[in-house]
Amino acid sequence: MPTPPAPAFTLVATDLDGTLLRPGDLVSPRSRAALALAASAGARHLVVTGRPVPGIRGLHAALGSDGPVVCGQGTQLYDAGTGRLLRSVTLDRELAETALGKIEAEVGAVFAAVDQDGAEGRTLIEPGYLMPHPTLPAVRTRNRAALWASPIIKVLVRHPELSDDALAAAARAVVGDLATVTMAGPGTVELAPYGVDKGTGLALAAEALGLDPAGAIAFGDMPNDLPMFRRAGHGVAMANAHPELRAAADEVTSSNEEDGVAEVLERVFGRG
């Protein structure tokens with residue numbers, strides 16, 4: 001599908017890992033310039049990420065973000081300008097534990113982690129769980145029971161043998177309406193509150209800004225970005241994106257390492 005003209009876009013919604021960020025959590029000068037170009041045309045930049053709030057704070061300066069940020073797969077709406085958590089949806093811990101039990105009954109033992117609720121919430125990982133993103137802080141617990149000590153927004157699940165696609169499919173088949181199952185990145189299958197995803201997060205943030213989510217051009221790389229694409233007016237998958245997202249996208253751009261987001265924004269907003 002051809003990209004609509006720039007005046008059609010009031011929002012530029014970007015995922016972070018594998019999309020806007022280069023390895024090492026870097027935002028390239030070209031990407032910063034392209035986001036500034038979109039802003040000069042009146043479009044707001046909205047980060048829509050699976051990371052919880054503590055995982056995005058160090059990026060504020062690089063992104064120049066001072067408005068709402070969608071975090072935690074849509075479970076959190078954070079105001080970067082004031083440092084306040086505007087909204088948070090928690091995952092019932094009994095439901096989460098039940099969902100994990102159903103998954104393990106289907107595929108055998110898994111390793112789990114949780115993102116705690118709150119702007120200062122920690123990521124807790126049980127013994128055996130390997131963090132897929134080594135730059136994000138995490139605290140190792142002695143056992144799984146410790147994961148449920150405080151309210152949580154989501155559970156992260158890894159299997160010692162199954163692929164992410166196979167684990168996500170098996171989890172969806174048995175979890176039902178206990179939680180929303182999504183694949184957010186390599187080694188990152190997650191359980192969020194049922195009905196909450198990046199699409200609901202985009203809609204909530206757009207409402208806070210007084211904008212229509214259909215006026216968004218959205219960029220992503222993994223299946224967890226599909227709900228955001230469905231709410232946005234135009235979905236752009238990265239060249240490095242999961243095949244499921246590329247198939248659903250309106251267009252495919254270059255990889256995150258090649259500044260694919262900037263490539264599209266320069267064309268849409270008049271440079272390139």
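I count two strands as paired if DSSP finds at least two bridges between them. Strands (E, at least two residues) and helices (H or I, at least four residues) are DSSP runs, numbered from the N terminus.

I note that this is a predicted model, in which local features need pLDDT of at least 70, side-chain atom pairs count only at pLDDT 80 or more, and totals for chains, interfaces and linings use all residues. Residues are numbered from 1 along each chain as its sequence is written, and side-chain values use heavy atoms, with hydrogens and water left out.

**Entry 1: the hairpin**

I looked up S10 and S11 first. They pair in the antiparallel sense over five bridges, and Val181 stands opposite Leu191 in S11. Two residues separate the strands of this hairpin, and Gly187 in the turn has a positive phi of about 70°. Is S10 enclosed or open? Five of its six residues are buried, so S10 is largely enclosed by the rest of the structure. Buried here means under 20% relative accessible area, exposed over 50%, and partly exposed in between (1.4 Å probe, protein chains only).

**Entry 2: the six-stranded sheet**

I traced the strand order as S8-S7-S6-S9-S11-S10, an open sheet with mixed pairing. Strand S8 (139-140) and strand S10 (180-185) are at the edges with a single partner strand each, so one side of each has no neighbour in the sheet. S6 (residues 111-116) and S7 (residues 123-125) run antiparallel, joined by three bridges. In S7, Thr123 is opposite Asp115.

Axes are lines fitted to C-alpha atoms, for helices over the stretch in contact, and angles run from 0 to 180 degrees between N-to-C directions. Helix H4 (residues 93-107) lies across S6, strand S9 (152-158) and strand S11 (188-192), at about 15° to S9. Helix H5 (residues 164-175) packs on the sheet and touches S9, S10 and S11, its direction making about 170° with that of S10.

**Entry 3: the three-stranded sheet**

I found an open sheet in the order S3-S4-S5, with antiparallel pairing. S3 and strand S5 (84-88) are its edges, each with a single partner strand, so one side of each is left without a neighbour in the sheet. Neighbouring strands here are turned by 25° against each other on average, direction ignored. Four bridges join S3 to strand S4 (residues 76-79); Val69 has Tyr78 in S4 as its bridge partner. Helix H6 (residues 198-209) lies across S3, S4 and S5, at about 170° to S3.

**Entry 4: the cores**

I define a nonpolar core as a set of buried Ala, Val, Leu, Ile, Met, Phe, Trp, Tyr and Cys residues joined through side-chain atoms within 4.5 Å. Which residues touch the most other members of the largest one? Of its 31 residues, these are Val12, Leu16, Leu63, Ile217, Phe219, Leu265 and Phe269. Helix H1 (16-20), helix H2 (29-40), strand S3 (68-71), strand S12 (216-220) and helix H9 (260-268) each give two or more residues to this core. H9 gives the most, with five residues. Another core, of 27 residues, lies apart from it and includes Leu100, Ala168, Met183 and Met222.

Terms used:
Contact = heavy atoms within 4.5 Å.
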